[in-house]
Amino acid sequence: MRVSEFWTLVEDEFGGAYGRSLAHDQVLLALGERTPLQALEAGEEPKRVWLALCDAMDVPPERRLGRDRPPRR
């Protein structure tokens, strides 16, 4: 997963403003007591950060892959 995909998933699930707030402020034990943003900046794999955020926010498994989008042409 790329960092850009992480941000797309965050926005899809939480909305733009709330998602950015979570990434900036939500300290997660699974990420070594860092926020998602701090973990990304430290080089953590975006997929690991996304899954840790999902676990902390009780995102159901069926929504962890993001919205279905039509294929690009």
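Select Glu-33 to begin: this residue is exposed, at a relative accessible area of 58%, where exposed denotes over 50%, buried under 20% and partly exposed in between (1.4 Å probe, protein chains only). The model is predicted, so that local features need pLDDT of at least 70 and side-chain atom pairs count only at pLDDT 80 or more, while totals for chains, interfaces and linings use all residues. Residues are numbered from 1 along each chain as its sequence is written, and side-chain values use heavy atoms, with hydrogens and water left out.

Glu-33 sits in the loop between helix H2 (16-25) and helix H3 (36-41); helices are DSSP runs of H or I with at least four residues, numbered from the N terminus. The phi angle of Glu-33 is near 55 degrees, a positive value in a residue other than glycine.

Next, select Glu-41, which lies in helix H3. Glu-41 is exposed, with a relative accessible area of 64%.

Proceed to Asp-58, in the segment after helix H4 (46-56). Its phi is near 55 degrees, a positive value in a residue other than glycine, and Asp-58 counts as exposed at 65% relative accessibility.

Finally, select Arg-64, also placed in the segment after H4. Its side chain is joined to that of Asp-55 by a polar contact of 2.8 Å (a pair of N or O atoms within 3.5 Å; within protein, one must be able to donate a hydrogen and the other to accept it, and residues adjacent in sequence count only if both atoms are side-chain atoms). Not counting residues up to four places away in sequence, Arg-64 touches Leu-9, Trp-50, Leu-51, Cys-54, Asp-55 and Val-59, contact meaning heavy atoms within 4.5 Å.

Definitions and conventions:
Helices (H or I, at least four residues) and strands (E, at least two) are DSSP runs, numbered from the N terminus.
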